[in-house]
Amino acid sequence: MQAPSWISTLSDAIWILFLNSDLTLHTFFSEINIPFDCKFIVAQSHEEVIELTEIYRVAAGMSLLDGHYGKWSENGSYITSVTLYERRKSLHGFKMKGVSIQVGT
């Protein structure tokens with residue numbers, strides 16, 4: 001299953017998907033690319049608490065990464081105070097190639 005091509009153009013939005021608790025993130029998203037700069041939260045109910053998990057891939061074809069984002073319950077909610085850049089400070093071995101061109105002087 002492929003995510004729509006327009007998903008990467010909406011990286012300023014925060015996506016939330018309510019996923020049945022009997023499904024696993026890594027199975028459901030096995031062939032779906034959630035871009036590195038996309039804020040994508042999955043909510044799953046576990047007993048009386050809804051767990052919020054942030055997911056993304058460093059690059060298409062790489063492993064799905066996930067992290068605890070927060071939780072919802074009758075007693076209130078908790079969202080991580082760690083910033084997006086602190087949560088995603090590692091590229092997990094991804095190598096980028098770059099080129100520089102010097103233009104006249």
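**Close-up views of a predicted chain**

**View 1. Strands E2 and E3 pair up.** Strand E2 (residues 39-46) and strand E3 (residues 49-56) run antiparallel and are joined by 7 bridges. Pairing here calls for at least two DSSP bridges between two strands, and strands (E, at least two residues) and helices (H or I, at least four) are DSSP runs numbered from the N terminus. Ala43 has Leu52 in E3 as its bridge partner. The two strands make a hairpin with 2 residues between them, and Glu47 in the turn shows a positive phi of about 60 degrees.

This is a predicted model, in which local features need pLDDT of at least 70 and side-chain atom pairs count only at pLDDT 80 or more, while totals for chains, interfaces and linings use all residues. Residues are numbered from 1 along each chain as its sequence is written, and side-chain values use heavy atoms, with hydrogens and water left out.

**View 2. E3 also pairs with E4.** Strand E4 (residues 65-73) runs antiparallel to E3, with 8 bridges joining them. Look for Ile55, which stands opposite Asp66 in E4.

**View 3. Thr53 sits in strand E3.** Thr53 is buried, at a relative accessible area of 15%; buried means under 20%, exposed over 50% and partly exposed in between (1.4 Å probe, protein chains only). Leaving aside residues up to four places away in sequence, Thr53 touches Leu25, Phe40, Ile41, Val42, Asp66, Gly67 and Tyr69, where a contact means heavy atoms within 4.5 Å.

**View 4. The chain around these close-ups.** The protein chain has 2 helices and 5 strands, following the pattern β-α-β-β-β-β-α along the sequence. Buried residues make up 28% of its 105 residues.
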